[in-house]
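Hi everyone, thanks for coming. Let's take a look at this one together, and please keep the picture open while I talk.

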Amino acid sequence: MEVCALPPLPRYPTVDALRAAAAALAARHPRRARLRRVGTSRAGEPLLLLTLGHGSRQVLVVAGPHANEPVGGATVLRLAERVLADARLTEGADATWNLLLCLDPDGLRRNEGWLSGPYTIGHYVRHFFRPCFLEQPEWLPDGADRAALPETRALLALQDELRPFLQCSLHGADVGGGFAELTHDLPGLARRLAHASVRLGIPRELGSYDALYWPVLGPAVYRIPPPRRSTLTAAITEAAVDSTWTRPRHHGTVTAVVEAPMWAVDAVADGSPPADRDAALRAVSSALRRDSRLLTRLAVRLRPHLPGTEETTRLLAPVDDYLLVCPRLADAWDPGTDDGSGRGLPPLTTAHLVALRIAGRRLALRTAGLLHQAVTASGRDPAGALPELERLLDQWCADYRDGCAARWIPVARQAEYQCRVVLAAFELAGRRPDASRSGEPDWGPGAAVPMHRE
């Protein structure tokens, strides 16, 4: 396998490092770049947009929509450098690039305990944070008109202001492979994604758990279906509700969700028929049920001893989400159980079964990691749960490392992979006959005070 060499990017940028780098870029290129505030987070953090170029065709790239997926920050900095260095991406394409540095800066700050490494799965899960489903800003479970989070409202306003022909949402799977999800087909993207995967040593995820029931547009490229009314558990597990991905469709926007893994598992690219599908499904379902029962008992044991603080509430809210969906997923994956949905599993390859195993382990690890943090944050362990949580975290991390052969992908490769897929989507979406030509017609050198000069 040929893997290209990249300049060093040793770690993920923190919130402050990301802002400083973007401000430095804007200061170096005052005629071609500007940094402005487009909203404020729940904790008062500024939501900053780095805009490059003066074209009429708008591109919107959203980094950091999930708090524990920091690769998008590294990607937008790499994209900005590339766009500023190549006029074909701006003047030559009549395009303006709008890079939202981080949609959830509050959540990213809560992950800064692991951002600089060491990059081991154990260190990651012991410092992992991701808010509960209803506090993740890309989701619109009650529709756009009733969006509650200020981060969500800022993104919706930005979509209406720019009317982008392309929106890219940058995500990072903790363990697995690279893939993309699209609201509209972009013929040729699967081939470009495959090329980037080979060049960068990142496996394509051919049976993504996220897109288990979604149409396949090509290897590792999935079609985001129209939103539908559903239960909370279905919304959490299947992204079945309306979202900021699908919402700008009335502007003619193509949305591409680009996933890059932190730890790669090569078996997610195995599209062969499984040797024993039902046995593998029963094993995954049984493990998820066993783990969720164990974690439920631990959570019940711990709750009376944890302080009733805002910190505890914030850590336990996603635990409740995970413990809610785990039994439902175990039933949905078990060939011998009727989960009541009236829907069977699609045809499954080895890649699908590996992805389901990874997903089940992910839910257990995240739950245990959050309970571990709740205990350590309290400064005491009267329930005596910490040794058991440590044992479970070590055991389940070893399963990823040894059982799944998970290997770390350097940050530079993660960011370069996303960058290449975004640029491919930009080129292909720009060929569509309905690519919009709207945006900021009044923007000129004196239209606003750049953030880096405030």
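UniProt, in an unreviewed entry, places the feature "domain: Peptidase M14" at residues 21-109; its positions follow the numbering used here, feature names are shortened, and annotations may be inferred rather than shown by experiment. Over residues 21-109 the chain is 31% helix and 30% strand, with the end C-alpha atoms 17 Å apart. Helices (H or I, at least four residues) and strands (E, at least two) are DSSP runs, numbered from the N terminus.

This is a predicted model, where local features need pLDDT of at least 70, side-chain atom pairs count only at pLDDT 80 or more, and totals for chains, interfaces and linings use all residues. Residues are numbered from 1 along each chain as its sequence is written, and side-chain values use heavy atoms, leaving out hydrogens and water.

Now, how do H1 and H2 pack? Helix H1 (residues 15-28) and helix H2 (residues 71-85) have axes 10 Å apart, at an angle of about 10°. Axes are lines fitted to C-alpha atoms, for helices over the stretch in contact, and angles run from 0 to 180 degrees between N-to-C directions. The two are therefore roughly parallel (under 35 degrees; over 145 is roughly antiparallel, 65 to 115 roughly perpendicular, the rest oblique).
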